[in-house]
Amino acid sequence: MRARFDYLEPTGLDEACRLLREHGGDAKLLAGGTALVMWMRMGLLSPKFVINLDTVTGLDGIAFDPSDGLRIGAGVKHRDLELCPEVQEHYPLLQETFYKVAQPRIRLMATVGGNLSHGDPLTDPGAAFMALDAEVTLRSSRGERTLSVEDFFVDYYETALEPDEILTSIHVPPPAGPAWSHIKFTPRSEEDFATVGVAVTMTGEGIRCDDARIALNSVGPVIFRARAAEEVLRGREITPSVLEEAGAAAAEASDPIEDVRGSSEYKRELVAVFVRRAVERAAAQLG
Ligand SMILES: Cc1cc2nc3c(=O)[nH]c(=O)nc-3n(C[C@H](O)[C@H](O)[C@H](O)COP(=O)(O)OP(=O)(O)OC[C@H]3O[C@@H](n4cnc5c(N)ncnc54)[C@H](O)[C@@H]3O)c2cc1C
């Protein structure tokens with residue numbers, strides 16, 4: 001860890017944006033610190049300035065409105081999202097996903113904005129947000145912009161955030177349908193990062209799928225939507241052969257690295273299996 005850095009505690013968002021603009025590439029934002037502090041300890045990051053977001057007001061609310069959807073402040077802790085009654089009632093996919101992140105000690109500290117901004121393809125929430133068609137709002141002294149979670153992830157540990165931007169909130173549209181599923185495969189330990197993560201939302205009737213969104217984590221340089229697999233399902237009846245086809249399309253789109261969790265071939269096989277199962281589970285909920 002760098003021996004010395006200046007620690008800054010802005011109280012408002014404008015002040016935080018100003019500090020970030022002034023110090024640019026020399027500064028890092030600190031949210032829950034579960035990733036940043038570890039990276040600093042490992043010597044992977046040595047910022048000259050650490051700007052604490054925890055002291056900034058206005059980043060911590062969760063608001064649900066049936067016509068607008070869900071608005072989540074970037075500073076909301078994982079645990080607060082998981083335990084929020086409106087999230088449990090209207091966005092069970094989010095509740096389930098956040099419940100599966102690490103373990104309670106991490107979830108009590110880590111923030112939703114920190115998770116997404118870290119840009120780690122192994123993390124879980126990005127896939128659920130993508131399956132729910134969520135957007136993020138980024139703010140700087142230059143103004144504010146909104147982009148889809150899908151466009152937010154650019155490359156391995158790289159997001160669309162400019163050096164002077166702060167992720168301020170996440171917006172999830174009103175729930176489009178009841179069908180969803182989430183699979184996080186962690187053969188080594190339940191608290192591990194996913195070997196494969198799959199989030200699915202689906203609309204349709206009976207066994208016919210009208211539309212589906214499938215997002216994957218841990219099997220590519222970024223969290224991504226398996227669009228070819230979605231295309232396989234759109235407007236079709238969910239039969240075993242269609243499930244097989246969708247799983248194969250998702251496996252084809254994945255690009256996993258070989259690591260302690262397995263070879264890339266093994267993980268690609270897992271994608272085919274878990275996408276098939278996740279889609280089947282979501283389809284079973286269609287009315
Ligand atoms: C033991 C362990 C197990 C874990 N297991 C899982 C898991 O199973 N699944 C999973 O999804 N994650 C897991 N994580 C990752 C964890 O979720 C992330 O470390 C955490 O979400 C980061 O959030 P934070 O608030 O602590 O961010 P910080 O560590 O404070 O920041 C992370 C990065 O994001 C930047 N940043 C933070 N907030 C903002 C913002 N609002 N705007 C712009 N940039 C910002 C920081 O500058 C930093 O670069 C695990 C972490 C640990 C330590």
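Before I list any neighbours: I call two residues in contact if their C-beta atoms, placed from the backbone, lie within 7 Å. I also keep in mind that this is a predicted model.

**Entry 1: A246.** I started with A246, which lies in helix α11, residues 240–253. Which residues is A246 in contact with, leaving aside its neighbours within four places in sequence? I found A229, V232, L233, V275, R276 and V279. Buried or exposed? A246 counts as buried, because it has 29 C-beta neighbours inside 10 Å, and the cut-off for buried is 20 or more. I also checked A246 against P174: they are 72 residues apart in sequence and 26 Å apart in space, C-alpha to C-alpha.

**Entry 2: V56.** Next I looked up V56, which sits in the loop between β3 and β4. V56 has 25 C-beta neighbours inside 10 Å, so V56 counts as buried too. Not counting residues up to four places away in sequence, V56 touches P10, T11, G12, L13 and A16. I took one distance here: V56 and E15 are 41 residues apart in sequence, but 8.8 Å apart in space, C-alpha to C-alpha.

**Entry 3: helix α1.** A16 turned up again when I went to α1, residues 13–23, where A16, C17 and L20 are buried. Why do I put these three on the same side of α1? They cover an arc of only 100 degrees around the axis, which places them on one side of the helix. I jotted down the general rule as well: an α-helix has 3.6 residues a turn, so residues three or four places apart point the same way. What covers the buried residues of α1? The cover includes β2 (27–30), β3 (49–52), β6 (135–140) and β10. After α1 comes G24, and its phi is positive, near 40 degrees.

**Entry 4: the sheet.** β6 and β10 sent me to the open sheet, where 5 strands run in the order β4-β5-β10-β6-β7 with antiparallel pairing. Which strands stand at the edges? They are β4 (62–65) and β7 (143–148); each has a single partner strand, so one side of each is left without a neighbour in the sheet. From one strand to the next, the twist averages 20 degrees. I zoomed in on one pair: β5 (residues 69–73) and β10 (residues 166–172) pair in the antiparallel sense over 4 bridges. In that pair, R71 stands opposite H171 in β10.

**Entry 5: the ligand.** How many residues surround the ligand? I get 30, and the closest are G32, G113, G114, N115 and T123. The elements giving two or more residues to this shell are β2, α2 (36–41), α6 (104–109), α7 (112–118) and β10. The largest share, 5 residues, comes from α7.

**Entry 6: the whole chain.** Last, I stepped back. I count 12 helices and 15 strands in the chain. Its C-alpha atoms fill a box of roughly 60 × 45 × 30 Å along the principal axes. A compact globule of 287 residues would have a radius of gyration near 19 Å, and the chain has 19 Å, which agrees. Of the 287 residues, 45% count as buried. Among contacts between residues at least 6 apart in sequence, 64% join residues at least 24 apart.

Conventions: Residues are numbered from 1 along each chain as its sequence is written. This is a predicted model: local features need pLDDT of at least 70, side-chain atom pairs count only at pLDDT 80 or more; totals for chains, interfaces and linings use all residues. The radius of gyration is taken over C-alpha atoms; the globule rule is 2.2 Å times the number of residues to the power 0.38. A residue is buried if 20 or more other C-beta atoms lie within 10 Å of its own, exposed if 12 or fewer, and partly exposed in between; C-beta atoms are placed from the backbone. Two strands pair if DSSP finds at least two bridges between them. Axes are lines fitted to C-alpha atoms, for helices over the stretch in contact, and angles run from 0 to 180 degrees between N-to-C directions. The arc is that of the directions from the helix axis to the C-beta atoms. A residue is near a molecule or strand if its C-beta atom, placed from the backbone, lies within 6 Å of it.
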